[in-house]
Amino acid sequence: MTMRRKMAAGNWKMNGNSAALSVISELVATHTAKTDTDIVICPPAPLLFRGSESASASPLAIGAQNCHSAASGAYTGDISAPMIADTGATHVIVGHSERRDACGETDSDVRAKTIAAWDAGLTAILCIGESAKDRDAGKTLDIIAAQLSGSVPDHATGDKLVVAYEPIWAIGTGAVATTQQINEVHDFIRKRLVQRLGDDVGNAIRLLYGGSVKPANAAEIFKCDNVDGALVGGASLKAEDFTPIIQALVAS
Ligand code: PGA
């Protein structure tokens, strides 16, 4: 059986200025011991350099929330994966539903960004998830299958790729998916990854659940077999909320 390291990733979205670096310092001070859980904070891009400095020499890793698929060029306002790596960050979120929705990112865009992340030596946290409309229409697994085949590049490995299942209707709403819903989708994702990439790689890729994960519901979610951690939005903005979630994961 493949042993996967667990991962607690915090997605700050467009929240936090330099004052929020104290949250990273607090997490660094609290999580000094080496555990089987990776902790990744994804602050807004202007904080990547200083966040990476604060987290250096600690088990905490820093990630970006998006990257362009090109390494450089005339793309005003964008940042590339090599630029992210240059800040000391080691991870990048790609294909978050807010970007798929507001910025029109397609599966093939997400695939290209993932490859760009790998070329720069970054681990990609690739997000997929269905809308409430898709779920109500009974299309959840079809949508997940399509997103997986369209977004995940062929050369995925457990080191380079983490998949985050985030049902859109559960993001920022307080409406967390039930463990039955989470199990169904996570087991399906695992099966698909194994079918496509083989036993070794398919079982090595970590699967995170995201969508209204809080200290109160984290332990229950982490009991699900194919849940290797969480991608946490709102509850990652304060160390006092994120720390109990990390602790629940370490204890799971
Ligand atoms: P939330 O966000 O935890 O605030 O629901 C999760 C996400 O969008 O990654």
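Residues are numbered from 1 along each chain as its sequence is written, and side-chain values use heavy atoms, with hydrogens and water left out. Because the model is predicted, local features need pLDDT of at least 70 and side-chain atom pairs count only at pLDDT 80 or more, while totals for chains, interfaces and linings use all residues.

**View 1. Residues around the ligand.** The ligand has 13 residues around it, and K13, H96, E166, G172 and S212 come nearest (a residue is near if one of its heavy atoms lies within 4 Å). In the side chain of E166, an N or O atom is 2.7 Å from a ligand oxygen. Backbone atoms take part too: a polar one of G172 is 2.6 Å from an oxygen atom of the ligand, and an N or O atom of G233 lies 2.8 Å from a ligand oxygen.

**View 2. Helices α10 and α11.** Look for residues 215–222 (α10) and 239–251 (α11), whose axes come within 9 Å and cross at roughly 20°. Helices here are DSSP runs of H or I, at least four residues long, numbered from the N terminus; axes are lines fitted to C-alpha atoms over the stretch in contact, and angles run from 0 to 180 degrees between N-to-C directions. The two are therefore roughly parallel (angles under 35 degrees). P215, A218, A219 and F222 of α10 meet D241, P244, I245, A248 and L249 of α11 (contact means heavy atoms within 4.5 Å). By class, this contact has 8 nonpolar, no polar and 1 charged residues (Ala, Val, Leu, Ile, Met, Phe, Trp, Tyr, Cys and Pro count as nonpolar, Asp, Glu, Lys and Arg as charged, the others, Gly among them, as polar).

**View 3. Helices α1 and α2.** Helix α1 covers residues 21–30 and helix α2 residues 48–55; they pack at about 20° with axes 9 Å apart. That makes α1 and α2 roughly parallel to each other. On the α1 side, L21, I24, S25 and V28 meet R50, G51, S54 and A55 of α2. The classes here are 4 nonpolar, 3 polar and 1 charged.

**View 4. Helices α5 and α7.** With axes 7 Å apart, α5 (residues 107–119) and α7 (residues 140–151) pack at an angle of about 45°. They are therefore oblique to each other (the remaining angles, once those under 35, over 145 and from 65 to 115 degrees are set aside). D107, S108, V110, R111 and T114 in α5 meet A146, Q147, G150 and S151 in α7. These residues divide into 2 nonpolar, 5 polar and 2 charged.

Definitions and conventions:
A polar contact is a pair of N or O atoms within 3.5 Å; within protein, one must be able to donate a hydrogen and the other to accept it, and residues adjacent in sequence count only if both atoms are side-chain atoms.
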